[in-house]
Structure formats: structure tokens, C-alpha cells
Amino acid sequence: MLTERAGARVAADILRIGEQLEEARPADPHFYLTLLGTHGDHRGKGLGMGLVAAGLARVDELGAAAYLESSNPANNARYERAGFTAHGRVTTATGHVVTTMWRAAR
């Protein structure tokens with residue numbers, strides 16, 4: 001379906017990016033925070049970080065670590081305020097740089 005919708009080249013790029021991100025994930029046990037977005041009409045109201053905080057509260061209750069990939073450098077400081085530190089960088093097949101971030105168990 002991906003190839004049908006996006007074309008062979010774009011589909012291959014998307015699949016390669018997924019592989020790159022999977023290769024970058026730490027082996028240590030952790031919760032993986034994935035795919036968070038806020039509709040443009042609601043950005044800047046703290047809704048996204050509210051969801052992150054709620055998820056991290058549960059992660060903390062379990063005494064676990066957390067990991068995420070930040071595709072927008074403007075968000076890195078937000079994640080740092082939530083306790084994440086830069087773990088690494090992945091330059092995707094399309095040239096976009098993704099910062100991987102880790103938050104130790106609390």
C-alpha cells in the first residue's frame with residue numbers, strides 16, 4: 001500500500017528511515033515514546049507536552065527508562081526539560097537529522 005500511495009522511491013526511503021531508527025534504539029529496556037503531533041489550531045497550548053508528562057508519570061511509576069526520537073530540533077529543549085538527554089543523531093536516507101533522546105529510570 002505504501003508503494004502504491006507514495007511511489008517506489010518514497011516508499012523505499014520511508015522503509016530505510018524506519019530501519020535506521022530501529023538500529024539506533026538502545027538495547028537497554030525502556031518505554032518508547034512514538035509519534036506525537038498537535039494540530040496547528042492547538043499548538044502552543046501545552047497539550048503535547050501534557051501528554052508526554054502523563055506518559056512519563058506512568059513510566060516513572062514503573063521505574064523504567066524512556067526513549068524518543070525528535071524530528072524537530074525546536075522540540076529538543078522541551079524534551080530536555082522533561083528529563084531527556086541527547087543520545088545520538090540519525091541522518092535519514094532523505095538527509096533529515098533526527099535527535100535520539102534518552103531519559104534514565106527514576
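The buried residues of helix H3 are Gly48, Val52, Leu56 and Val59; buried means under 20% relative accessible area with a 1.4 Å probe on protein chains only, and exposed means over 50%. Seen down the axis of H3, these buried residues fall within an arc of 65°, so they line one face of the helix. That arc is taken from the directions from the helix axis to the C-beta atoms. In general, an α-helix has 3.6 residues a turn, so residues three or four places apart point the same way.

A word on the source. This is a predicted model, in which local features need pLDDT of at least 70 and side-chain atom pairs count only at pLDDT 80 or more, while totals for chains, interfaces and linings use all residues. Residues are numbered from 1 along each chain as its sequence is written, and side-chain values use heavy atoms, leaving out hydrogens and water.

Back to the helix. On the other side of H3, Leu51 and Glu61 are exposed. Strand S1 (31–33), strand S2 (66–70), helix H4 (73–81) and strand S4 (97–103) are among what covers the buried residues of H3. Just after H3, glycine 63 has a positive phi of about 70°.

Now the pocket. Which element gives the largest share of the lining of the largest pocket? H3 does, with 5 residues. Helix H2 (8–24), S1, S2 and H4 also give two or more residues each. By class, the lining has 13 nonpolar, 13 polar and 4 charged residues; Asp, Glu, Lys and Arg count as charged, and Gly counts as polar.

Terms used. Helix = DSSP H or I, 4+ residues; strand = E, 2+ residues; numbered from the N terminus. Contact = heavy atoms within 4.5 Å.
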